[in-house]
Each structure stands twice: as structure tokens, then as C-alpha cells.
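Here is a friendly walk through one structure, helix by helix and strand by strand. Have your viewer ready and follow along.

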Amino acid sequence: MAAPMLRWCCPVRRWALACIDGGSRYGRGAATGCTSSGKRGQSSVAQQPRITAQKPRKGEHEWAAVVGLEIHAQISSNSKLFSGSQVHFTAPPNSLVSFFDASLPGTLPVLNRRCVEAAVMTGLALNCRINKKSLFDRKHYFYADLPAGYQITQQRLPIAVNGSMVYGVCVGKKRSQVINKTVRVKQIQLEQDSGKSLHDDLRSQTLIDLNRAGVGLLEVVLEPDMSCGEEAATAVRELQLILQALGTSQANMAEGQLRVDANISVHHPGEPLGIRTEVKNLNSARFLAKAIDYEIQRQINELENGGEILNETRSFDYKLGCTVPMRDKEGKQDYRFMPEPNLPPLLLYDAESLPTAADLQQVINIDQIREQLPELPSVTREKLVQRYGMLPEHSFALLNEVGLLEFFQNVIKETRAEPKKVTSWVLNTFLGFLKQQNLAVSESPVTPSALAELLNLLDRKAISSSAAKQVFEELWRSKGKTPAQIVSEKKLELMQDQEALEQLCHAVMEGHPQVVTDVKKGNPRAINKLIGLVRKATLSRADPTVIKEILEKKLSSGDVSGPSARGRTVQP
């Protein structure tokens, strides 16, 4: 059988902020922590809508949780998987629907080359074996937003199988250690997306938007190698970074470009796995972690109280923080899978098997795609640690926020400050302000050049650390001003007159003899009080390190009762 004809389609490069969680339906934040153990004697789930898994008391039966994921990622492509209709998230309803998408009689699928290349590239990045021959199938089910009554997928022989992905989980009291974990990738398959049903409760009607019908999806199936919500959320975030680095998917969860179904069960260690439930359509890493942790504890509570777990599909109510039943799976749905009669097997080639007279526009070379693989997030993190000497958890933080790594690198290019200082300012001060204002990096009023200039002033000791923070706050409020202008306007320059600073130190010591006595008695806090008094006198324009050196020199030499500085005016 001949290989199917491929339709050329260039990838879309719209890099949007991947909002992975937050307080609203779509938002951002960190994944919640969890454990996989439970304990007896807890109150009912209904009374505790926001339960997280807890460790058992000593001597009680432990529970082990098992979590597997099915992830649907929308492929970055100008057009759909089997039709020439465009793909655009903000298009008016039903404005991007071809005859094939609407399933009109006589229409036939034409495979999108870009989608196949994206699947192969993703499979290679996830260490999968690429099948040189894969098949398409029809999965039948009836719903209003699926006009054909079936979905074209790859159930029998998917395009990629047997891969693995390494992801890092932060542990420890301060979450300052990173432990690498591996999850197996069962398979990656190409399939169509369905349309969207919009439910109008006020009018008791459902409206159908077919713009999404037929959009190309990558279904990535992760084996049940995870044990809690945090691990699952971290694995999904790592996959999201990989897809974005490859350009195979924008993976923007806020726009539904990355959706997750979680399969969860609990059992006693050493015993057979328990009955699993599936939590569908989780579109936030934070909600994914919460849903899994809640479902683990719900199942533990149910079993501890003598109940049983139903094989059912559930959804996560983010307002209540709990999972709710959707439908049961006891009577397994018959999807009546059958080979797709309108699509021949998809044949791929490598350098050895590529036919000599093959039309390069009609075949896909796996080895050629392998050579085009970009740098993956794990490699980027390793380079950051080696090049800048930063901690592994800092490299994770730089990559986890969209645009933050590029911001950091631009600051590094324009400043003489040490990389460790730049890392601290970017991750603590800059990122802290972004989170307070709920802004993306691209929306920041402070540019990399402005922060670099500020760090240069700090590096050459033109301003103090506290003054630098004042300048940053002013930069955040006053767009258009440079750090140098702010320093000049607010008179924040450090004192350069060493003699005047020595006179001020002498005056402070004479004015506070009891504090001087405490310093001599060995009270370590007393000298800090003297430093604070001198800085107050200089309106924070003196370097604390220089002040400390002068004070210690005077204290060691006994030069405290020298010429009085009282009544003398010293210009700071």
C-alpha cells in the first residue's frame, strides 16, 4: 500500500504566555505538595472539600497511590490535521470550518505534513521509538460537537512508542533540593480534536462551535509511574517546556492547547493495584495537583470506611476544590474501533531506508528531523548551572516562567555584576514584583537594560543595596526614567568623602557611649546599631561595609574620645 500523500504546512510561531495555574479558571502559580499515604479515622469527604493526602500514624496501614496521565497537546500548525481550515483561537464561532470538518458527504481527509513532523520530533525528544509504519483508526462515539460520529486517531499502531521523560521535583524544607524522577512514555499518537459545546443554562440550550473540530492533537500517554499531584504537575510542566522548545505545540493551557486526564488509584504496598478513577479535562497544573491529591485522599477515606471505589469518570470543581462524578465506566463503552478506510498506512523513512527516487516533499526522514532537534530544557538547565554557578533549583525557576530566561540572559550581557547577584535580583526582586502585580515577563515595566544599569551602579559602589531597591521600586512606577536619573533626583549616591564619613562615625560614637561600651563587652548587635545610626545620619547614602570598617578601626585604636564632632555640621 502506498504512503499517504502529505500536505505541506508551516508551523505557527505565536509564543504566548503559558499560564499554568492561578486563582481563576486559568491562572498560574506553583504546584501543591503532597504525599501518597493516608490515615484512618478522618471525617467524611463531604465535610472536607479541600483534603490533601497525609502520612499514616505509626503502626497503621499505609496506602500507595498510582497516577498515570493522558495529555492532549494541540499541534502548532497553520491548518488542521486533515483539512485546509486555519487554526486560530480567537476566531468567531464556526468561521474556520471546511466541508470535511462539518463531515459533509463526499469529503476526504488529506494528511497535514507539519503535524506528522511535529509528532516525530516530539517522539524523538521523549526518547521514543518511531514506528516507520503507523495506522489510522476510527473511534466511534456520538456527541453534538463531533459531526462525523467518529474521531480519527491511532489506536492500533501509533506513530511513537516506549519513551521516557526525566523531570525534577523540589524537596526539602526550603524546597532547595532537586530530585530527578523518570516517567515512561507509553505512546504518542496523532488524532483529531472535537468541536466545542457551549452550554447556555439560562436558555436551556447548547450551542456548537466547530472551529476546533479537526485540529491536530498529540496524545501523549504517560505510564502510571507517579504517586502524587506534585509529581504529576511537575511532569506536565516539563512536557510543556519540551513542546514549547521544540515548537511542536504552544502548550498554552489557558487557551486549551494542553489538556490532561489523570488516572488515579490507591492500594496497600505489596497488594494488587486498586480500581482507578479518571479525572477529565484538567487545564491547569495547579488544579491538576489539587485534583489528584484530593482524589487520592477521597479513595483512601472511602476504603477506610468500608466503601468501594467505582470505575468512573470524574471532573474537578475548582471552586469547591473537589472531584465530582460525571459518568461510570462499569459498562465499558464500545468505541467500535475500525481501520480508517480513507487513509493508507503512514510510512516514515530513515537515511538507510529512504528510496533513491523519492519526492522529498512526499516523504518524511526521521534522521533529518533528529538533526533539527533544538536544545531541550534539561540541557539548558545544565548549562546554566555550569556556566553561571547557580543552584539547580534556580535554573528550574528561570525556565519555568515564560520569558524569564531570556530576560536574565539579556541582563547578563549588559552588566558587569556577578552572575550570582544577577540571579538573585531576577529571581527574588524582579520575579517577586511580577507575582505581586500578576504580570507576565513581557508585561514588565522594567527592561533588562534598566536592571543591568542599576546593577552596574551597585557593582561600582555608586549606590548602596537599600538605595538600589528604592531605585528599582521607582523604575517599576516611573516608566521611561533611567536608574542614573532616579539616583540623581533622589540624591541616593553613596558618600565618596572618606574624611566626612569618619567624622560622622566619630560623632555617633561620642553621642552613644553606652552602645560603644556594649560593643567593647562583645555584644555583636551593638555595632549594628552604630552602623544604623551612621546610615540614618547620611540618609542611607553610606556603604554599611565601609561604615563597619571605620567603626572597627576606631574601636580597636581606642579613638573614641578624640576631638569632638559635636556642634559641627558635616555634609553627607
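## Helix α14 and its cover

In helix α14 (residues 524-537), the buried residues are A526, I527, L530, I531, V534 and R535. Buried here means under 20% relative accessible area, with exposed over 50% and partly exposed in between (1.4 Å probe, protein chains only). An α-helix has 3.6 residues a turn, so residues three or four places apart point the same way. Among the elements that cover the buried residues of α14 are α10 (465-477), α12 (498-511), α13 (513-520) and α15 (544-557).

## The model and the chain

This is a predicted model, in which local features need pLDDT of at least 70 and side-chain atom pairs count only at pLDDT 80 or more, while totals for chains, interfaces and linings use all residues. Residues are numbered from 1 along each chain as its sequence is written, and side-chain values use heavy atoms, with hydrogens and water left out.

The protein chain has 15 helices and 18 strands. These elements are DSSP runs numbered from the N terminus: helices are H or I with at least four residues, strands are E with at least two. Of the 572 residues in the protein chain, 50% are buried. Taking contacts with a separation of 6 or more, 70% are between residues 24 or more positions apart; contact means heavy atoms within 4.5 Å.

## Strand β13 and its neighbours

How many of the residues of β13 are buried? Ten of the ten are, so strand β13 is largely enclosed by the rest of the structure. From β13 (residues 258-267), L258, V260, A262, I264 and V266 point one way, and R259, D261, N263, S265 and H267 point the other way.

Strand β2 (residues 64-74) runs antiparallel to β13 and is joined to it by ten bridges; two strands pair if DSSP finds at least two bridges between them. A73 stands opposite L258 in β13. Strand β14 also pairs with β13 in the antiparallel sense, over four bridges. I264 has T277 of β14 as its bridge partner, and N263 has E278 of β14.

Five of the six residues of β14 (residues 277-282) are buried, so this strand too is largely enclosed by the rest of the structure. With strand β15 (residues 312-317), β14 pairs in the parallel sense over two bridges. There, V279 stands opposite R314 in β15.

## A three-stranded open sheet

Another sheet is open and has three strands in the order β7-β6-β17, with antiparallel pairing. Its edge strands, β7 (150-153) and β17 (338-339), each pair on one side only. Strand β6 (residues 137-140) is joined to β7 by four bridges, and R138 has I152 of β7 as its bridge partner.

## Where α5 meets α6

The axes of helix α5 (residues 377-388) and helix α6 (residues 392-400) come within 9 Å and cross at roughly 130 degrees. That makes α5 oblique to α6. The contact is made by P377, T380, R381, L384 and V385 of α5 and P392, S395, F396, L398 and L399 of α6. These contact residues divide into seven nonpolar, two polar and one charged. Ala, Val, Leu, Ile, Met, Phe, Trp, Tyr, Cys and Pro count as nonpolar, Asp, Glu, Lys and Arg as charged, and the others, Gly among them, as polar.

Axes are lines fitted to C-alpha atoms, for helices over the stretch in contact, and angles run from 0 to 180 degrees between N-to-C directions. Angles under 35 degrees count as roughly parallel, over 145 as roughly antiparallel, 65 to 115 as roughly perpendicular and the rest as oblique.
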